[in-house]
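Thanks for coming. I will keep this short and go through one model, contact by contact.

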Amino acid sequence: MSELVNSPDLAPAVGFSHAVIAGDTVYLAGQTAQAKDGSIVGETIVEQFDQAAANLMTALRAAGGEADDLVTLQVFVTAVQEYRDSLPGLGTVWRRHFGRRYPAIGLFGVTELFDPAAKVELMGVAVLSRTG
């Protein structure tokens with residue numbers, strides 16, 4: 001049995017769920033730099049990664065998890081070279097949202113994302129460290 005989780009702090013989930021809990025595992029839907037009103041926030045990949053990471057953490061927390069629970073993260077970008085060129089800024093944003101822990105990560109260059117203004121989308125899986 002699984003539990004669907006949709007945070008009221010994110011743009012409404014239409015046709016998907018922000019997170020799905022199955023046992024102690026949380027499957028996080030792709031999060032872009034979407035503001036609560038549905039618009040994309042930020043022009044640069046760093047700005048968009050910042051918002052997408054905040055959205056991913058909002059979904060994870062709504063499912064009862066924290067950054068330390070992430071076991072894998074998939075990063076989809078429309079401009080791999082911009083991502084490479086932005087690594088120092090991305091590192092700062094990463095530490096703000098996820099700390100200094102790095103789960104298994106994959107970077108995928110894609111031609112486009114669902115919202116044409118989006119440059120980055122994050123998907124992840126977490127294993128909840130519940131006690132009791």
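Two remarks on provenance. This is a predicted model, in which local features need pLDDT of at least 70 and side-chain atom pairs count only at pLDDT 80 or more, while totals for chains, interfaces and linings use all residues. Residues are numbered from 1 along each chain as its sequence is written, and side-chain values use heavy atoms, with hydrogens and water left out.

Strands first. Helices (H or I, at least four residues) and strands (E, at least two) are DSSP runs, numbered from the N terminus. Two strands pair if DSSP finds at least two bridges between them. Strand β1, residues 2-5, pairs with β2 in the antiparallel sense over 4 bridges. The β2 and β3 strands form a hairpin with 2 residues between them, and glycine 23 in the turn has a positive phi of about 65 degrees. On its other pairing, β3 runs antiparallel to β6, joined by 5 bridges. Threonine 25 is opposite valine 127 in β6.

Now accessibility. Buried means under 20% relative accessible area, exposed over 50%, and partly exposed in between, with a 1.4 Å probe and protein chains only. In a regular strand the side chains alternate between the two faces of the sheet. As for β3, 5 of its 7 residues are buried, so the strand is largely enclosed by the rest of the structure.

How many salt bridges does a search of the whole structure find? It finds 3, where a salt bridge is a side-chain nitrogen of Lys or Arg within 4 Å of a carboxyl oxygen of Asp or Glu.

Aspartate 50 and arginine 96 make one of them, at 3.1 Å from N to O. This pair links distant parts of the chain, with aspartate 50 in helix α1 (residues 45-62) and arginine 96 in helix α3 (residues 87-98), 46 residues apart. Aspartate 50 is partly exposed at 23% relative accessibility.

Another joins lysine 119 to glutamate 82, with the closest N and O atoms 3.4 Å apart. Here too distant parts are linked: lysine 119 sits in the loop between β5 (104-109) and β6 (120-127), glutamate 82 in helix α2 (residues 80-85), and 37 residues separate them. Lysine 119 has a relative accessible area of 23% and glutamate 82 has 24%, so lysine 119 is partly exposed and glutamate 82 is partly exposed.

There is also arginine 61 with glutamate 66, where the closest N and O atoms are 3.0 Å apart. Arginine 61 is partly exposed at 45%, and glutamate 66 is partly exposed at 40%.

On to the rings. A pair of aromatic rings is described by the distance of the centres and the angle of the planes. Rings of Phe, Tyr and Trp (its six-membered ring) pair if their centres lie within 6.5 Å; planes under 30 degrees apart count as stacked, over 60 as edge-to-face and the rest as tilted. The structure holds 3 aromatic pairs. Phenylalanine 76 and phenylalanine 108 have ring centres 5.1 Å apart and planes at 25 degrees, so they are stacked. Phenylalanine 76 lies in strand β4 (residues 70-77) and phenylalanine 108 in strand β5, so the pair ties together parts 32 residues apart in sequence. Phenylalanine 108 is partly exposed, at 37%.

For tryptophan 94 and phenylalanine 98 the centres are 4.3 Å apart and the planes at 50 degrees, so this pair is tilted. Both lie in helix α3, 4 residues apart, about one turn of the helix. Tryptophan 94 is buried at 7%, and phenylalanine 98 is buried at 4%. Ring pairs link Trp94, Phe98 and Tyr102 into a cluster.

Last, the largest pocket. On a 1 Å grid over the protein atoms alone, a pocket is an open set of points where a 1.4 Å probe fits, with protein on both sides within 12 Å along at least five of seven lines; lining residues have an atom within 4 Å of a point. The volume is about 350 Å³, taken as the space filled by probe spheres set on the points, which are joined across faces, edges and corners. Its lining has 15 residues, and Phe16, Gly30, Thr32, Gln34 and Phe114 lie nearest the centre.

That is the last item; questions are welcome.
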